Amino acid sequence: MDKNLNDIRTNTESAQEKEEFVEVKTREINSSFYIYFTSIICFAWSVFQLYIAYFPMNTTMSRSAHLAFAICLLFLLYPLKIHKKAHSSLPFYDIALCVVGTLAALYPLIEFYALAQRPGDYTSFDIAVSCVAVVVLFEAGRRIIGPALPIIAAIFLAYDYFGQYMPDIIAHQGASLNKLAGHMYLTTEGVFGVPLGVSVSFIYLFVLFGSLLERAGAGQYFINLAFALLGKFRGGPAKASVIASGLTGMVSGSSTANVVTVGTFTIPLMKKAGLTSTKAGAIEVAAGVNGQLMPPIMGAAAFIIAEFLGLSYTNVMIAAVIPAFVCYLSLFFIVHLESCKLGLKGMEQGAGISKLKIFVSGLHYLIPILVLLYTLLIANESPISAAFNAICVLFLIILFQEPVKKMAHGEDVGKEDFIIGFADIFWAMVTAAKSMTTIAIATGLAGIIVGSISLTGVGQVLSEVVENLAGNNIVLILFLTAIMSLILGMGLPTTANYIVVSSLVAPVILFLAHKNGFLIPAIAVHLFVFYFGILADDTPPVGIAAYAAAGIAKANPVTVGVQGFFYDLRTTILPFSFVFNNKLLLIESVNSANPNDAKGIVWITNPLEMALIFGTALVGMFAFSSALQGYFVKRVSMLERALLLCVVPLTLVPNMCAKYIPFIANEYVSYAIGVSLYAALFAFQWIQNKAEKRVGVGV
């Protein structure tokens, strides 16, 4: 297995070259001064974030400094034209934009006390700085995430300013330039609102945690462990890809990062095992995209969900845990079905490979994850404390893992071994800052949209428009929301997509659900939006994760995206299921009659009931996967496919079946019928398969 992995590393460079067409690339300037200057700024940003995590400072000041670091790095690292590398020196206009943008971002910090003494009474200079800052932020967003989000933000600003000229149904009195600029930039309602605040408080620390864990070697350990455990089984490389992506997704929270990190090794092995380039890339896309669903570190949007709803991040994790694991295990099952259909075999592994040895070799990587979970779940401390404690443990691991290894082998330990540890920490902190540039700029721009909604009350107008379009059909509203998330997600990062759609549509869904007698907890709706925002990463024609996987697999990105989305169709039914069956989120009931109140939640704590919910949900997803693939124990007939589809609602939304199907008395009857039908189909196909094999042997 080690030889296979070493062979695959030779493909890394070509895979990275393919990424030029996938992600916005940073400029390349062959200057030591430029490299170290930008690296020192990145390192300083990480140090600043660790400092304010331990010594909290005023939110406006910290958000201002956070955005200043992001804008400074953006114009130093990213060229004027996206998707192209710049090999020349830094252009003068980028230096000017860097200086002007950084100072404008720092203005609320520098003038904090002066602005506090004149709230709402802004000077001409205040307004001028605000306008310049927003324009610079638009250009920063265009460079790093493309034009979609800046255009959407600009449309909202135009709507705010020209409201009196809009059609009657969406018209408002309009906002003056002074009011608009002040609201969007000099208060905590716009650019420096909740989205950027979450980026400052939570997201940076968790991105830094993932970067340190990857630098320490945890990513490679997870891949090696997955292959050691599963490589020899039927379709082993593909199954190992799913597990490795799930493990790395727990700490990275980025679908594209999961695909590139794990796929560089797994996609060539899947092709070698017999999968086509398209299917190998698609399996990695589906696994990588779903990585953002995995606790304890979900996508950045999960932290914003907690902040928007006033819930602890621990509660968001608890709600997400069953759907995440059901989603991943069902993908594992799909891979097994594909392997059976193609008659794939496992990888040959060397006799000297010890699974226990591989497992033990990286046990220390689990310590910071356990510290993180302990601080969150047992000690009930904040995510900031949890991430900070885990990062401190990781610092120690990185510093001492090499010296300890040498001591264990009886080798001498020198100061250079500790210097290597410090260097690893430095570069991990640099990598984290570069990764955070995208998130900081995106959340700053998304804040303009959130601020616009609070300024004009467009949310209420949208509620009326959507209600007129969909009537009182809550399913149609959810379907339209899903389509909106997928379309916007083609041009927006997951976090920005979630903020835009949840700000606009989530209140509408909650209002209409309450009006139609469904008391849906707000977290279910927000997770619904989150799920479909993630799925946009593999939705053709612009699924970024699909392009990344296609580059490694040397396949057509559109066909990889289509196949990946086909595999992820199982993920699309989960959000609809947990909206109507809140028990999938471990929510027993909602006490409040206010659909926007997410605090009055009664959580399920009975372990037996949790196990029942998880087990039956797994049966439902397995049944859907088999119906989708047309394969169970063997290929299924149309009747068997229809019966498998009947299992899905019986196990995923038993409350709705009990409500609308006369002969189903309660949820437990629905569970029993669904599981029995699934078991009967399995037994029938197993007996048929055995009989066919006997006939084949006889012939």
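Author: Let's start with Lys341, which is partly exposed at 24% relative accessibility (buried means under 20% relative accessible area, exposed over 50%, and partly exposed in between, with a 1.4 Å probe and protein chains only). Its partner is Glu338, and their side chains meet in a salt bridge of 3.8 Å, N to O (a side-chain nitrogen of Lys or Arg within 4 Å of a carboxyl oxygen of Asp or Glu). Glu338 has 3% relative accessibility and so counts as buried. Before we go on, a word on the ground rules: this is a predicted model, in which local features need pLDDT of at least 70 and side-chain atom pairs count only at pLDDT 80 or more, while totals for chains, interfaces and linings use all residues. Residues are numbered from 1 along each chain as its sequence is written, and side-chain values use heavy atoms, with hydrogens and water left out.

Both Glu338 and Lys341 belong to helix α16 (residues 313–342), where they sit three residues apart, about one turn of the helix. Helices (H or I, at least four residues) and strands (E, at least two) are DSSP runs, numbered from the N terminus. An α-helix has 3.6 residues a turn, so residues three or four places apart point the same way.

Other pairs reach across the sequence. Lys634 forms a salt bridge with Glu692, with 3.6 Å between the closest N and O atoms. Lys634 lies in the loop between α28 (607–629) and α29 (638–652), and Glu692 in helix α31 (residues 667–698), so this pair ties together parts that are 58 residues apart in sequence. Lys634 is buried at 14% relative accessible area, whereas Glu692, at 46%, is partly exposed.

By the same rule, the count comes to 13 salt bridges.

One of these links Arg215 to Asp424, whose closest N and O atoms are 3.2 Å apart. Since Arg215 lies in helix α10 (residues 194–216) and Asp424 in helix α20 (residues 415–456), the pair ties together parts that are 209 residues apart in sequence. Arg215 is partly exposed, at 39% relative accessibility.

Helix α4 (residues 59–77) and helix α7 (residues 124–145) have axes that come within 10 Å and cross at roughly 55°; axes are lines fitted to C-alpha atoms, for helices over the stretch in contact, and angles run from 0 to 180 degrees between N-to-C directions. The two helices are therefore oblique to each other (angles under 35 degrees count as roughly parallel, over 145 as roughly antiparallel, 65 to 115 as roughly perpendicular and the rest as oblique). Leu67, Ile71, Leu74 and Phe75 of α4 make the contact with Val136, Leu137, Glu139, Ala140, Arg143 and Ile144 of α7, where contact means heavy atoms within 4.5 Å.
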